[in-house]
Amino acid sequence: MKRKKCVIIGSGLGGLSCGVMLSCNGYDVTVIEQNDRIGGCLQCFSRRGARFETGMHFIGSASPGQTLHRLMRFLGLSDIPLSRLDPLAYDIVSIGGDRFRFANGREAFVSQMSAYFPRETDNIARYHDIVEEISQASSLHSLRYAESDVAVSTYYQTVSINEVLDSLFDDPLLKDVIVGNLPLYAAEKDKTPFSQHAFIMDFYNQSAYRIVGGSDAVADSLAASVRDAGGEVVTRCRAVRIVCDDSRATGVLTADGDFIPADLVIAAIHPARVIEMLDTRLIRPAFRQRMSALRNTTAGFSVYLKFKPGRVPYLNSNYYSFNAGSPWGCENYTEASWPKGYLYMHFCDSPSPAYASSGVILSYMKMDDVARWAGTSVGRRGADYEDFKRRKAELLIDEVEREFPGVRDSIECLFTASPLTYLDYTGTQDGSMYGVAKDITLGAACRVPHKTKVPNLLLTGQNVNSHGMLGVLVGSIVTCSELLTAEKIYRQIMESEK
């Protein structure tokens with residue numbers, strides 16, 4: 001029996017995980033990637049002997065029996081080496097010079113937060129229980145087939161993070177501390193739904209890990225699984241058009257003029273890019289306009305640091321600092337007030353490093369800040385662009401130096417990436433950090449469906465469900481369920497655990 005041909009556009013986590021699920025279930029899969037390297041936000045790079053992450057800096061819920069651990073077994077990722085972040089301080093939030101440590105697990109989390117805010121102990125426990133309730137209410141996030149609480153899921157998708165926190169806590173500082181990790185999802189006051197906060201908090205509160213040696217090992221392993229099942233993963237192959245007849249997609253046209261026929265097309269790229277590739281009456285003008293006008297999360301600026309050997313003790317935590325006094329509104333800055341906050345992390349190059357070989361400082365940055373260099377290419381943006389990045393890097397290093405004295409003298413060399421860099425390597429609209437923004441004020445208008453009016457064209461990736469490793473994999477399950485059924489995928493997940 002002839003296998004159905006599936007072409008997947010984009011080799012990020014969404015595209016590759018769909019490729020594994022489908023190729024292992026009888027589909028003839030070809031994953032095409034426009035860049036030299038596969039992986040999307042799983043990419044790592046090396047400069048002067050140092051390794052750096054570009055997107056997947058750490059993961060959660062990866063201890064045995066937890067959700068991501070189960071999905072990694074299912075996708076053949078059990079051999080990926082992990083190093084656990086400090087269970088008593090996987091996240092450290094610094095506000096006004098005070099540091100607040102986040103601990104894994106309900107008992108430790110409540111106990112530690114209560115030590116900082118003793119009058120809020122009962123409310124902290126209630127907060128943790130609500131977060132857990134929301135995650136467990138989703139059959140996808142808890143991997144419990146056909147078990148979900150629609151009422152819980154729906155309600156917390158329609159109320160903002162700050163609205164729920166205002167109803168739970170009295171202490172304004174505690175409210176800020178609880179959202180100290182919001183750079184992980186670029187939350188906005190009065191807009192981002194509490195459900196998104198809850199999924200992310202639960203994901204990391206269960207357990208938190210870095211991937212030893214870099215997250216590109218995940219991409220390489222998934223690609224190998226696709227090939228082992230008879231599929232292909234092709235780089236330097238840019239899709240320019242999804243070709244359709246009067247009723248369906250027939251294949252993909254590449255920039256080299258090659259036509260790849262397909263029974264099924266999955267686009268694991270930003271929906272705005274997909275719309276640009278479609279010239280068919282099957283896509284209604286209203287849908288085309290909505291996808292093209294989707295609002296995206298803010299972009300970011302990264303400073304990659306190579307440290308002198310044996311100089312910087314390894315930080316086994318993620319460090320968030322807010323010099324503006326609150327995590328909220330850091331995306332709204334002026335030239336004089338930037339940066340309002342930053343996230344500082346070290347790269348894990350061995351299971352238990354004593355010293356860091358490299359690290360990264362991340363902060364929000366608008367695409368407008370680098371708009372004058374739009375249309376230029378990597379390495380050819382001119383001296384003024386390099387000077388701009390250098391000045392911004394120095395400001396961020398100054399901020400880190402205030403809280404980690406001696407860091408500046410321990411830097412051997414540094415490298416930078418702006419929103420333009422991110423746009424070049426991921427194709428995400430406006431260099432957005434996390435794709436389409438979740439916004440309760442827009443309702444369903446900001447949601448990206450996995451199905452389209454082209455019956456054999458499906459969407460996947462961070463915009464379909466959520467970003468991050470678990471969010472993207474859940475989206476991949478949703479997409480592939482259209483072809484394999486959710487029941488079959490859940491059964492295969494359970495069989496992989498035997």
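This is a predicted model: local features need pLDDT of at least 70, side-chain atom pairs count only at pLDDT 80 or more; totals for chains, interfaces and linings use all residues.
Four strands, E4 (50–53), E9 (208–211), E17 and E18, each hand at least two residues to the lining of the second largest cavity. About 100 Å³ of space lies inside the second largest cavity. Around that space sit Phe52, Glu53, His57, Arg210, Ile211, Tyr304, Met345, His346, Phe347, Cys348, Gly359 and Val360. Sorted by class, the lining of the second largest cavity comes out as seven nonpolar, three polar and two charged residues.

The structure holds six cavities of 30 Å³ or more, and the largest cavity has a volume of about 130 Å³. Its lining takes in 14 residues, of which Pro183, Gly341, Leu362, Ser363 and Tyr364 are the closest to the centre. Two elements give two or more residues to this lining, namely strand E17 (341–346) and strand E18 (358–365). E17 and E18 were also among the strands named for the second largest cavity. As for residue classes, the lining of the largest cavity is made up of eleven nonpolar, two polar and one charged residues.

Three strands line up in the order E5-E9-E6 to form an open, antiparallel sheet. Strand E5 (59–60) and strand E6 (82–84) are at the edges with a single partner strand each, so one side of each has no neighbour in the sheet. The antiparallel pairing of E6 with E9 runs over three bridges. In this pairing, Ser83 stands opposite Arg210 of E9, and Arg210 is also one of the residues that line the second largest cavity.

Strand E11 (residues 239–244) and strand E12 (residues 249–254) pair in the antiparallel sense, with five bridges between them. The two are joined by a hairpin of four residues. Cys244 has Ala249 of E12 as its bridge partner.

The largest nonpolar core counts 103 residues, and Tyr127, Phe194 and Met469 have the most contacts inside it. Helix H15 (residues 468–484) gives this core its largest share, eight residues. Setting aside neighbours within four places in sequence, Tyr127 touches Phe109, Leu165, Leu168, Phe169, Ile178, Phe194, His197 and Met201.

Helix H1 (residues 13–23) is mostly covered, with eleven of its eleven residues buried. Among the buried residues of H1 are Leu13, Leu16, Val20, Met21 and Leu22, together with Gly14, Gly15 and Gly19. Ser17, Cys18 and Ser23 of H1 are buried too. In general, an α-helix has 3.6 residues a turn, so residues three or four places apart point the same way.

Notes:
Residues are numbered from 1 along each chain as its sequence is written. Side-chain values use heavy atoms; hydrogens and water are left out. Buried means under 20% relative accessible area, exposed over 50%, partly exposed in between (1.4 Å probe, protein chains only). Two strands pair if DSSP finds at least two bridges between them. A nonpolar core is a set of buried Ala, Val, Leu, Ile, Met, Phe, Trp, Tyr and Cys residues joined through side-chain atoms within 4.5 Å. Contact means heavy atoms within 4.5 Å. On a 1 Å grid over the protein atoms alone, a cavity is a set of points where a 1.4 Å probe fits but cannot get out, and a pocket is an open set with protein on both sides within 12 Å along at least five of seven lines; lining residues have an atom within 4 Å of a point. Grid points are joined across faces, edges and corners, and a volume is the space filled by probe spheres set on the points. Ala, Val, Leu, Ile, Met, Phe, Trp, Tyr, Cys and Pro count as nonpolar, Asp, Glu, Lys and Arg as charged, and the others, Gly among them, as polar.
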